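Q: Could you take a close look at one part of this model for me, and walk me through what surrounds it?

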Amino acid sequence: MRGFIKVAAAVPRVAVADTKINIASITEICQKLDSDGVVVAVFPELCITGYTCGDLFHNNTLLESARAALVDFARKSTDWSLVCIVGLPIAVNNILYNVAAVVQRGKILGLVPKTYIPNYNEFYEKRWWASAPSHPIDVDIAGYGEVPMSVESLFRVNGVTFGIEICEDLWTAVPPSSQAALAGAEIIFNLSASNTVIGKYDYLRNLVLAQSGRCTVGYVYASAGYGESSTDLVFDGITFIAENGNMISQGERWHKGKFYTTADIDIAAIRHDRMSLSSFNDCAIATIKEKYSVTDAFPVKSQGKFARLISPTPFVPTSTVDIASRCEEIINIQTAGLAQRLSATRTRNLVVGVSGGLDSTLALLVAVRTFDTLGLNRKGIHAVTMPGFGTTDRTYNNAVNLIEALETSFREINISQSVTQHFNDIGHDAAVKNVTYENSQARQRTMILMDIANQVGGMVLGTGDLSELALGWATYNGDHMSMYNINAGVPKTLVRYLVEHFAQGTAKLINIPENSAVHTILTDIAATPISPELIPADDKGNIVQKTEDLVGPYILHDFFLYYTIRYGLTPDDILDRACHAFKGKYVHEDILHWLHTFIRRFFSQQFKRSCMPDAPKVGSVCLSPRGDWRMPSDASVSEWLITLHNREK
């Protein structure tokens, strides 16, 4: 999968001070990782000797054995492409350093020393180790000549730059990884030997997540495990792989043998975020004074089987607990935004068109919750149903019953007669069910809502969602327009969850009478096919005009939207990720077809987004022309479509 790199955090079983056994264990893991297609793997701090050697680190027998073991390991590495990062003690001019060695294909590419030496509580490392020197030095390693050692060393493989820090470095106020990231490192590897005590694991996990997010990097952490001395401390063997504030893989603790954790890090996402975050680049310019060196490793041709889960619904959390939390947060954002708008405009009247569909239902529910929060009378919410040529009994009854159950004001205005008159006025044959036939109904409904708002001294609450804005699936100056659009930041794949969340916790979210039918009504609305209902129903009264039959599945379009806006990926990369995410659900040809539709509509419909009403931002993807997305309405789509045409061939 393009844009990703496979990495590993590995924990060998060590024998304290027995370098031969340790190298054998490390080598065995490396052989397996290489066959799995891993590009870079990191091992724990001082894994060649063991971290808990104590005063043996001052013994030449151990130091010479460690150097010999490194040389032996480097020679063994000629059999694989994997880049390996291992830890050992290195003495230079009678000064002892705790270092990470980068090894690949028979070469020692460089050494990175530990910068911050802990000497508090259970740690007394300054007894043995010196802090990293302030300038790069060359270390003579028999058979390899002068190997550079520096904290300002970065490495590059397959075009991806990475840096290294060791254990305590992460725990400091300004970790070396912060400097390395600002200097260009896209992944940080941490060799650690952090002992476990109560509460430390959770703190450490948060530390890794925070550093990966702060530095916009992948962060790969491996800590010492079974085999280290338990004379004073116990080591649980921790592996974390984080990416920009998210934990994408972590291993179980307390293994009794060697183990490893792998993951595919999304380098394309990291690069996009760094390019977008102006403060990151400003910080790099202001901070990085030293010249970091970059050593190139040999390219690794095979990255093995792609194993990362790509969610087909990137806007929707995977667990039910997280979904509930996300829904609660969104509803609170919508409620706060609408409450502020009502307060700022001193408005006590809202006009909402209610169709019995998902979007208008969500808008009505948020309006009710907002009025309850502000202590306003729900009768100030003027819920209007406007049945027309395509309205079905199902949606009509759901709309009417919901309005009555919520005890808001209610108006019903059938638009069939007025739209027929309009057809006569403009000379349109009502038998021709084209765009004029459809949009005339949408504009008639908007005119009614706007005029009622004038009548009651209120404002029209918009209902269109983020996905509809992306596709331009709205009638210009029809349902496209309102005075405040509460749903403009919510993607279609989330709207159903929000309505269901209201249904499941109605009493908590909004005040409703005992024995209310709201739950049943909302459940049926959530199960209703998505439709603008602008074309008459069939003979049995069923919805004929289904939106997803016309523009494609919203689950696909939301996927395309997320990766287009959030990470700026090319159509090629989006297609590859979509084929992986929707394997077994949609075939390649269908995904390609609807991606073509999405890109074409996304460009051609920008003019509608350029004049969209105010709306609260909900998530990281937003199309407001005043905030997150500023795009010329006449931008050419050619370069984006050429890629897809080539894939079709």
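A: D264 sits in strand β14, which runs over residues 259–266. Keep in mind that this is a predicted model. D264 has a relative accessible area of 3%, so it counts as buried, the cut-off being under 20%. Its side chain has a partner, though: a polar contact of 3.1 Å links D264 to the side chain of K6. Setting aside residues up to four places away in sequence, D264 touches F4, I5 and K6, plus E243, I248, F306, A307 and R308.

R577 belongs to helix α18, residues 571–581, and is buried with a relative accessible area of 1%.

Now for the nonpolar side of things. The largest nonpolar core has 90 residues, and L338, F560 and L561 touch the most other members. Leaving out neighbours within four places in sequence, F560 is in contact with I574, A578, I591, W594, L595 and F598. There is also a second, separate core of 36 residues, with F43, C84, I137 and I141 among them.

One more helix to check is α15, residues 518–526, where V518, I521, L522, I525 and A526 are buried. They lie on the same side of α15, because the arc they cover around the axis is only 135°. An α-helix has 3.6 residues a turn, so residues three or four places apart point the same way.

Methods: Residues are numbered from 1 along each chain as its sequence is written. This is a predicted model: local features need pLDDT of at least 70, side-chain atom pairs count only at pLDDT 80 or more; totals for chains, interfaces and linings use all residues. Side-chain values use heavy atoms; hydrogens and water are left out. Helices (H or I, at least four residues) and strands (E, at least two) are DSSP runs, numbered from the N terminus. Buried means under 20% relative accessible area, exposed over 50%, partly exposed in between (1.4 Å probe, protein chains only). A polar contact is a pair of N or O atoms within 3.5 Å; within protein, one must be able to donate a hydrogen and the other to accept it, and residues adjacent in sequence count only if both atoms are side-chain atoms. Contact means heavy atoms within 4.5 Å. The arc is that of the directions from the helix axis to the C-beta atoms. A nonpolar core is a set of buried Ala, Val, Leu, Ile, Met, Phe, Trp, Tyr and Cys residues joined through side-chain atoms within 4.5 Å.
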